[in-house]
Amino acid sequence: MAARLSPGDAAPDFTLTDDRGKQVTLSDLRGRKVIVYFYPAAMTPGCTTQACDFTDRIDVLQDQGYTVLGISPDSPDKLATFREKEHLRITLLSDPDREVMTRYGAYGEKKLYGKTVTGVIRSTVVVDEQGEVTHAMYNVKATGHVAKIQRDLGLQTA
């Protein structure tokens with residue numbers, strides 16, 4: 001398991017396929033702030049709550065210069081179904097090999113119902129315009145997390 005990222009670290013670059021079949025590369029977003037969040041599976045209750053919260057607040061985030069990327073191990077086709085079903089307005093990326101998740105410290109051992117399992121660790125990493133990590137949050141809760149991010153970043157919560 002890769003070490004978790006910390007503020008000041010360079011965000012590992014990646015290229016992943018989005019829910020529309022397009023390649024998205026983190027370094028292509030230099031000059032913008034990026035919220036990269038990792039979630040276990042599309043169309044599950046917690047992941048749906050979190051994706052819908054990001055969509056509900058996307059205008060405020062974009063107005064402050066943020067791009068939101070949600071990454072899961074799901075296929076692009078499943079992500080497209082998720083986007084359409086929930087009317088999501090965020091970019092969903094497929095990491096089927098969990099390579100990016102591992103490099104970000106968002107895949108590994110975690111506690112699930114009291115048992116230690118290996119899986120996706122619900123996490124959020126905020127990257128600044130130069131590609132440096134400003135915030136790294138691990139084992140986050142799906143409910144209320146987007147509001148917490150906004151508070152942590154000093155953004156209005158309209």
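Guide: Buried means under 20% relative accessible area, exposed over 50%, and partly exposed in between (1.4 Å probe, protein chains only). This is a predicted model, in which local features need pLDDT of at least 70 and side-chain atom pairs count only at pLDDT 80 or more, while totals for chains, interfaces and linings use all residues. Residues are numbered from 1 along each chain as its sequence is written, and side-chain values use heavy atoms, with hydrogens and water left out.

Visitor: How many salt bridges does the structure hold?

Guide: A salt bridge is a side-chain nitrogen of Lys or Arg within 4 Å of a carboxyl oxygen of Asp or Glu. The structure holds seven. One of them joins Asp 152 and Lys 148, at 2.7 Å from N to O.

Visitor: Where do Asp 152 and Lys 148 lie?

Guide: Helices (H or I, at least four residues) and strands (E, at least two) are DSSP runs, numbered from the N terminus. Asp 152 and Lys 148 are four residues apart in helix H5 (residues 145–153), so about one helical turn separates them. Asp 152 is partly exposed at 34% relative accessibility, and Lys 148 is partly exposed at 35%.

Visitor: Which parts of the chain does the pair Arg 83 and Asp 19 link?

Guide: The side chains of Arg 83 and Asp 19 form a salt bridge of 2.1 Å, N to O. This pair links distant parts of the chain, 64 residues apart: Arg 83 is in helix H3 (residues 76–86), and Asp 19 is in the loop between strand E1 (15–18) and strand E2 (23–25).

Visitor: Is Arg 83 buried or exposed?

Guide: Arg 83 counts as buried, at 11% relative accessibility. Asp 19 is buried as well, at 5%.
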